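Okay, thanks for coming, everyone. Let me put the structure up, and then I'll walk you through a few places in it.

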Amino acid sequence: MPNRVRWFSSLRARIAALITFILVVGVGGTYWYIIEAQSRQFIETTKDQAAVLTHAIVKSIRHDMRGDCAKDVQGIFERIAVVEDIESLRIFDEDGKVTRSGDKREVGLTIDDIGLEIFKAGVPSMPYLGGHGYNAFCMVETIRNEPDCRGCHRTKGDVLAIFELCLSMKKTDEKVAKNSRFLASSAVAIIAVVGLSTSIIFATQVNRPISTLVAVMRRAEGGDLSARALSPRRDEIGSIGRSLNSMIERLDESQRAVERYHTEQLIRAERLASIGELAASVAHEIKNPLAGISGAVQVLADGFPPDDPRREVTGHILRQSERMDKTIRDLLNYAQPLQGEASPVDLNEVLDRACFIALPNPARTKVRVRREFAAGLPRTLADGKHLEQAFLNLILNAVQAMPEGGDLELRTSLREEAEGAGGVRQIEVVVADTGVGIPPQVRDKIFSPFFTTRTQGTGLGLSITRKIVEQGGGTISVASEPGKGTTFTVRIPVVETRLQA
């Protein structure tokens, strides 16, 4: 049963059924019209024959009866009635009584037929299908009471009698039936041959090639991207096969590229992990001695008079020590997993604190800060110190991108996006500057560890920022145009209730 259902639901079965239906309607309707036309033609032919015979016989009777009242009309009828295809031949009066007939047994009988109505109506002649149905075609004609007839007939009326001639329709019916059987069998044969031929042609030219393409697609869907469709044909199916091969080839190339990229990322991740472990180890080894060196230099600097040139040397040593200490802290922050305590925080406050730390005196840096914080933002569950560090890195990068000053814009807003049955609410934080911008060729690398375009710095600031944001379930993106500025967009999911206004 499943195979049968599958066959009936196939394209081949639907097309075969449609073509068969069209053939049945078209051929059947045509043959029905032909049969009806032939039937009408046969009836018209019989009608013409009956009319000719009727007029000829009536004319002959008039000629033979003229001047001889004792003429044997009955004998004439009996001789004519033996002619093939004449079913009946008779004359009846106004009362329906048969006065003459080709069959002696009918003489004297009374008929109740259409001929009597014609007699009373005085219609000269009219064909009709007699009591035999379609087996006989009858023609009636009135015999007028003309002046030369009144010598023998004393009737005062205009009509002497009604003449009726019935021709047998048996041969006509047989011809119609024979033609009908022939046409019906021809129609069935044509429909069967055309339907079978169409099915065979469709199976060989369409169904089989499509089945081959489907098999190739299933192999590709199962992961076998070496599958290819043979497409020597130059028609639409061949074009589909070539397009399918091209698509599978591109999928194969894409999969290979993804595998290579994945392998490279794994190797890079392993290398970075090793570097992180090494950096953490080296940082621990350097941090304590560096602290001792900084303390000793500070003691020396305090022992020098204010105008002693050695104080400048010790100051330079302390600044470099602080720089090295910052680098070590960055390495440790990146190498170690982020561990913090999540609590409901107000991102407006976090962003404001980061801005205050980065720009304690904006006038001194020639940076104009514009804040557009949305009021009543909901709290989000996150580590406030980590987020503060992330925003601090973004603001410091923006300030460094504007050495001659510029505009720094900080914006927050609430976004709601439909997802499934519910909705996802996110707080969007935008940090935009009017600095030098980021070249397109390095834009995809700025979040990579140890990548930097500056002569100073470890290249870990943006890496740590992304790590903090993504660990909290958020996202970070960048848009930049060289010479016009850069915009960082951070989105943090909302997990707490709305702040009271």
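Let me start with a question: leaving aside its neighbours within four places in sequence, which residues is V297 in contact with? Counting contact as heavy atoms within 4.5 Å, V297 touches T314, I317 and L318 once those neighbours are left out.

Before I go on, the ground rules. What you see is a predicted model, where local features need pLDDT of at least 70, side-chain atom pairs count only at pLDDT 80 or more, and totals for chains, interfaces and linings use all residues. Residues are numbered from 1 along each chain as its sequence is written, and side-chain values use heavy atoms, with hydrogens and water left out.

Back to V297. You'll find V297 in helix α6, residues 236–303. When I say helix or strand, I mean DSSP runs numbered from the N terminus: H or I with at least four residues for helices, E with at least two for strands. V297 counts as buried because its relative accessibility is 10%. The cut-offs there are under 20% relative accessible area for buried, over 50% for exposed, and partly exposed in between, with a 1.4 Å probe and protein chains only. Also, V297 and S321 sit 24 residues apart in sequence and 9.7 Å apart in space, C-alpha to C-alpha.

Now the chain as a whole. It has 11 helices and 12 strands, and 35% of its 501 residues count as buried. If you take the contacts with a separation of 6 or more, 65% of them are between residues 24 or more positions apart.

On to the cores. In soluble globular proteins, nonpolar side chains tend to be buried together. By nonpolar core I mean a set of buried Ala, Val, Leu, Ile, Met, Phe, Trp, Tyr and Cys residues joined through side-chain atoms within 4.5 Å. The largest one here has 38 residues, and those touching the most other members are L347, L387, F391, L394, I395, L408 and V490. Two or more residues each come from α8 (347–358), α10, β9 (406–419), β10, α11 and β12 (485–493). The largest share, eight residues, is from α10. There's also a second, separate core of 17 residues, with I57, I86, I91 and L165 among them.

So how do α10 and α11 pack? Helix α10 is residues 384–400 and helix α11 is residues 461–471; they pack at about 145°, with axes 9 Å apart. Those axes are lines fitted to C-alpha atoms, for helices over the stretch in contact, and the angle runs from 0 to 180 degrees between N-to-C directions. Where they meet, α10 brings H386, L387, Q389, A390, N393, L394 and N397, while α11 brings G461, L462, I464, T465 and I468. By class, that contact has six nonpolar, six polar and no charged residues. For the classes, Ala, Val, Leu, Ile, Met, Phe, Trp, Tyr, Cys and Pro are nonpolar, Asp, Glu, Lys and Arg are charged, and the others, Gly among them, are polar. The buried residues of α11 are L462, S463, I464, T465, I468 and V469. Just after α11, G473 takes a positive phi of about 85°.

E428 counts as buried because its relative accessibility is 13%. Its side chain and that of R491 are joined by a polar contact of 2.9 Å. A polar contact is a pair of N or O atoms within 3.5 Å; within protein, one must be able to donate a hydrogen and the other to accept it, and residues adjacent in sequence count only if both atoms are side-chain atoms. Beyond four places in sequence, E428 contacts R411, T412, S413, R415, T489, V490 and R491.

Last stop: strand β11, residues 475–481, which holds S480. S480 counts as buried because its relative accessibility is 12%. The S480 side chain makes a 2.9 Å polar contact with the side chain of T486, and a polar atom of the S480 side chain lies 2.8 Å from the backbone nitrogen of I438. Not counting residues up to four places away in sequence, A479 touches G485, T486 and T487.

That's my tour; over to you.
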